[in-house]
Amino acid sequence: GITEALRMEAKLYLPQRLNELAILHRFVYNGVFIKNLKSKWGSCSHQNNINLNLHLMRLPEKLIDYVLVHELVHTVVKNHSADFWNLLQAKMPDAKARHLEMKKYNTNL
């Protein structure tokens with residue numbers, strides 16, 4: 001029951017918020033999919049499809065935004081190189097602090 005409630009909430013909120021952030025930061029992605037991922041908060045394919053974990057709905061809004069912007073940056077830089085982190089920091093100046101705060105959470109209920 002909890003998982004399905006999170007899925008419904010995620011399908012209403014996450015695609016809309018991802019689109020808002022993509023417009024704000026001038027990123028283009030292909031599609032967005034909500035999944036019950038076991039070990040990742042999100043991913044971005046080489047075709048710029050973004051998968052988001054429905055358990056993001058259990059996080060504070062600023063950390064949801066961190067994950068969404070993180071995946072949007074992957075539409076430009078497909079790895080976690082210095083270029084990736086520099087672009088993420090340019091879009092979200094407190095990205096390092098948010099990254100550290102993410103360690104308090106996990107994808108399992």
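Residue numbers start from 1 along each chain as its sequence is written, and side-chain values rest on heavy atoms, with hydrogens and water left out. Since the model is predicted, local features need pLDDT of at least 70 and side-chain atom pairs count only at pLDDT 80 or more, while totals for chains, interfaces and linings use all residues.

Let's start with the sheet. Three strands make up an open sheet in the order β1-β3-β2, and the pairing is mixed. Here, strands (E, at least two residues) and helices (H or I, at least four) are DSSP runs numbered from the N terminus, and two strands count as paired if DSSP finds at least two bridges between them. The edges belong to β1 (31–35) and β2 (42–44), each of which pairs on one side only. From one strand to the next, the twist averages 15°.

So what about the pairs themselves? β1 runs parallel to β3, with five bridges, and I34 has L52 as its bridge partner in β3. β2 and β3 (residues 49–53) go antiparallel instead, over three bridges, with C44 standing opposite I50. These two strands form a hairpin with four residues between them, and N48 in the turn has a positive phi of about 65°.

β3 is also mostly covered: five of its five residues are buried, meaning under 20% relative accessible area with a 1.4 Å probe and protein chains only (exposed is over 50%, partly exposed in between). In a regular strand, side chains alternate between the two faces of the sheet. In β3, N49, N51 and N53 point one way, and I50 and L52 point the other.

Helix α1 (residues 2–25) lies across β1 and β3, at about 155° to β1. Such angles run from 0 to 180 degrees between N-to-C directions, using axes fitted to C-alpha atoms, for helices over the stretch in contact.

Next comes the core. A nonpolar core is a set of buried Ala, Val, Leu, Ile, Met, Phe, Trp, Tyr and Cys residues joined through side-chain atoms within 4.5 Å. The largest one has 31 residues, and L14, L56 and L72 touch the most other members. At least two residues each come from α1, β3, α2 (61–73), α3 (82–91) and α4 (95–102), with α2 giving the largest share, eight residues. Leaving aside neighbours within four places in sequence, L56 is in contact (heavy atoms within 4.5 Å) with L14, W41, I64 and V67.
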